[in-house]
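Could you take a look at this one with me? I've jotted down some points to go through once you have the model open.

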Amino acid sequence: MWTSLGAVTEPAGPRAASGRFWAVVLGAAAGLFLLGFLIGWFAKPTEKTSVSPHEDMKAAFMAEMKAENIKQFLYNFTRLPHLAGTKENLHLAQQVQAEWKEFGLDSVQLVHYDVLLSYPDDTKPNYISIIDEHGNEIFNTSLSEPPPPGYEAVRDVVPPYSAFSAQGTPEGELVYVNYGRIEDFFKLEREMGINCTGKIVIARYGKIFRGNKVKNAELAGAKGVILYSDPADYCAPGADPYPNGWNLPGGGAQRGNVLNLNGAGDPLTPGYPAKEYTYRLDKASGVGLPKIPVHPIGYHDAESLLRNMGGYAPPHSSWKGNLNVSYNVGPGFTTNYSTRKVKMHIHSHNEITRIYNVIGTIRGTVEPDRYVILGGHRDSWVFGGIDPQSGAAVVHEIVRSFGKLKRKGWRPRRTVIFASWDAEEFGLLGSTEWAEENAKVLQARGVAYINADSSIEGNYTLRVDCTPLMYRLVYSLTKEIPSPDEGFEGKSLYESWYKKNPSREYKEVPRINKLGSGNDFEVFFQRLGIASGRARYSKNWNVEKYSSYPVYHSVYETYEIVERFYDPTFKNHLTVAQVRGGLVFELANSVVLPFDCRDYASAVSNYAHIVYNLSRNHEEELATYNVSFDALFSAVKNFTEVAASFHERLQQIDINNLIAVRSLNDQLMFLERAFIDPLGLPGRPFYRHVVFAPSSHNKYAGESFPGIYDAMFDIKNKADQHEAWEEVKRQISIAAFTVQAAAETLKEVA
């Protein structure tokens with residue numbers, strides 16, 4: 001670097017001036033020129049090859065973030081419930097807006113949308129009863145959760161309910177359906193001969209998104225769904241129920257939406273922002289709304305419902321939870337209680353309600369038309385101690401730290417947008433509506449989206465889900481951050497993460513997961529093709545088999561459960577802030593975007609082999625119907641070669657040639673976009689990424705080459721085998737074309 005500086009500045013020296021006067025004048029001019037040049041040189045971001053202003057500012061930014069601040073912000077954000085659509089959540093939005101302005105952002109706006117939300121009826125509570133042959137109620141489930149200590153006087157705690165449930169009072173025999181997965185219903189119907197038509201089914205939470213459970217029950221003909229949290233899935237061994245420990249008490253229940261939106265956003269305005277002028281579907285025909293009543297209960301109430309189940313024994317030990325019951329499947333109760341039935345009383349209603357996002361901006365200097373976005377939601381089911389406020393508190397501290405740098409005269413190279421989303425819990429509505437309203441601009445200018453929901457779901461190690469483009473960035477960043485873990489003092493976050501969760505796919509690196517859905521990155525990644533990532537502290541998934549974290553979406557998600565049990569010193573919160581904030585800093589400030597397309601090539605190759613190996617379970621059909629993956633493997637090979645060639649060119653770039661840098665950066669930025677199919681996936685038009693999509697059977701999980709995977713799913717039971725395999729061939733063709741087209745975007749510009 002210094003030699004190039006010398007070479008550039010050499011001509012400024014005096015050439016053949018005669019006389020002392022001109023020598024002094026030209027010498028002074030040369031000195032001033034050199035000084036000006038050096039100031040100009042160091043004012044712009046430079047390569048990371050040595051200590052530079054970029055590295056200095058990044059170090060200052062990372063050091064500015066404090067655990068104590070995150071702790072205070074979490075406390076402030078969890079005093080009251082902040083349910084979407086309520087005045088409390090609007091007040092919190094206004095508070096966030098005021099503080100972001102105070103922190104020094106260039107602009108902070110409240111952006112509203114009018115979306116369909118769902119609430120219980122204050123005058124007619126939801127509950128489930130066991131009734132005798134005369135219709136008398138013998139047992140009723142609880143109407144609310146016992147409040148945690150210190151919160152007894154808090155008003156407006158919404159009782160447990162399933163948002164967007166249909167109204168109704170169905171009654172019928174009960175059938176236990178394990179987790180309500182598609183394979184559970186196959187087991188009941190195909191192997192045990194149990195027909196769920198006209199029955200009320202009870203499913204335990206866990207394994208898959210609750211909306212998928214409801215859809216599966218609907219398809220099986222059920223007339224109602226009861227969801228409950230089994231201690232096997234929501235109580236960690238050796239821990240006490242809250243408040244003495246961090247497990248779910250028996251009276252606790254998990255709220256949550258039961259939509260199947262598949263990326264549509266507001267159910268009444270799919271594909272378009274829910275503004276005043278927008279055409280709306282009729283409320284009854286909104287996208288993804290369940291057609292049957294659904295209600296969640298705690299495990300004390302579930303035990304009363306399951307205690308006298310008759311019918312078939314559970315088909316396998318994996319169908320048994322940890323309640324003191326037989327886990328008989330039914331239908332109905334044992335002989336002594338055979339005249340009894342279960343009745344649901346569900347009176348929740350859907351209404352169009354105004355929600356508010358907070359959008360803050362720091363304008364970039366060199367490339368203000370390139371956007372790096374950090375977003376997380378603000379709305380919570382009750383107090384939101386973990387979900388979302390442990391994430392919102394981290395975002396707040398990141399914003400404060402960026403603001404501090406800006407006040408000292410620094411600005412990022414690219415524009416940074418900060419978002420506090422509303423109504424995430426009701427189907428990712430705030431983020432999706434904003435992205436729909438700004439889709440054209442985001443498609444043209446969006447560099448990356450970093451998601452920031454819950455910062456912790458455990459305290460074991462880091463968990464990262466992201467596009468393959470970000471793998472290298474994540475690995476290099478975590479090598480610079482100190483590990484907060486006991487036993488790893490003086491070591492990097494990368495080292496503790498790798499030791500605790502090594503990759504199963506790649507050698508000698510920590511594990512990074514595929515992006516699924518269930519969070520606000522969905523619209524950016526799955527619909528718009530903007531490179532996305534998320535990071536949080538998590539549990540040991542190999543040992544801790546319970547679902548998510550025990551008090552998820554219950555009234556017991558308080559500040560105290562975090563401060564007493566999960567992260568007393570808030571060191572893990574700070575680490576997550578440094579990861580999320582560091583990603584945003586690098587993406588917004590590196591001269592060359594820190595994306596590596598070679599990792600995308602490795603991932604696509606890996607996924608192509610995985611889906612091909614799945615197909616080999618059907619060797620006979622592959623031959624009969626002339627199904628070949630050759631085109632896909634050819635495209636993957638081409639993509640791999642082009643990615644390697646592109647990376648070589650990137651190493652040769654003159655970073656002082658702004659147009660050349662911009663051109664290559666645009667190729668990197670638009671690579672994710674190249675995997676978007678405007679027609680979307682079959683039956684899921686808003687999931688448009690050909691390489692990644694949320695699983696059709698579990699919204700939370702990511703699936704690779706989802707078009708091919710879904711076409712082959714349960715294919716042996718398709719009525720028309722020729723048609724089924726023709727669809728597989730069509731999906732292979734789409735995948736091959738898309739990978740080849742993506743390769744074309746990386747070729748040297750003619």
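1. Start with Y607 and F692, which are both buried. Keep in mind that this is a predicted model. The rings of Y607 and F692 make an edge-to-face aromatic pair, with 5.4 Å between the centres and 80° between the planes. Y607 belongs to helix α18 (residues 597–615) and F692 to strand β18 (residues 692–695), so the pair ties together parts that lie 85 residues apart in sequence.

2. How many aromatic pairs are there? The count comes to 39. One of them is Y151 with F383, a tilted pair at 4.5 Å centre to centre and 50° between the planes. This pair links distant parts of the chain, 232 residues apart. Y151 sits in the loop between β3 (137–140) and β4 (162–163), while F383 sits in the loop between β13 (367–377) and α10 (389–407). Buried or exposed, what is F383? F383 is buried, at a relative accessible area of 0%. Y151 has 5% relative accessibility, and because buried means under 20%, Y151 counts as buried too.

3. Next, have a look at the aromatic cluster made up of F61, W100, F402, W410, F418 and F585. W100 comes up again in helix α5 (residues 87–103), where it is among the buried residues, along with E88, N89, L92, A93, V96, Q97 and F103.

4. Staying with α5, what do its buried residues pack against? The partners are α4 (67–77), β1 (107–119), β12 (349–362), α10 and β14 (414–421).

5. K500 lies over the face of Y460, 4.6 Å from the ring centre. K699 does likewise over the face of F209, at 5.1 Å from the ring centre.

6. Last stop: S503, in the loop between α14 (493–500) and α15 (522–527). Its relative accessible area is 16%, so S503 is buried. A polar atom of the S503 side chain lies 3.0 Å from the backbone nitrogen of E505. Leaving aside neighbours within four places in sequence, S503 is in contact with V509, P510 and R511.

Notes
Residues numbered from 1 in each chain as written. Predicted model: local features only at pLDDT ≥ 70, side-chain atom pairs only at ≥ 80, totals over all residues. Heavy atoms only, no water. Phe/Tyr/Trp six-rings, centres within 6.5 Å; stacked < 30°, edge-to-face > 60°. Helix = DSSP H or I, 4+ residues; strand = E, 2+ residues; numbered from the N terminus. Buried < 20%, exposed > 50% of the residue type's maximum accessible area, 1.4 Å probe, protein only. Lys NZ or Arg CZ within 6 Å of the ring centre and 35° of its normal. Polar contact = N/O pair within 3.5 Å; in protein donor to acceptor, adjacent residues only side chain to side chain. Contact = heavy atoms within 4.5 Å.
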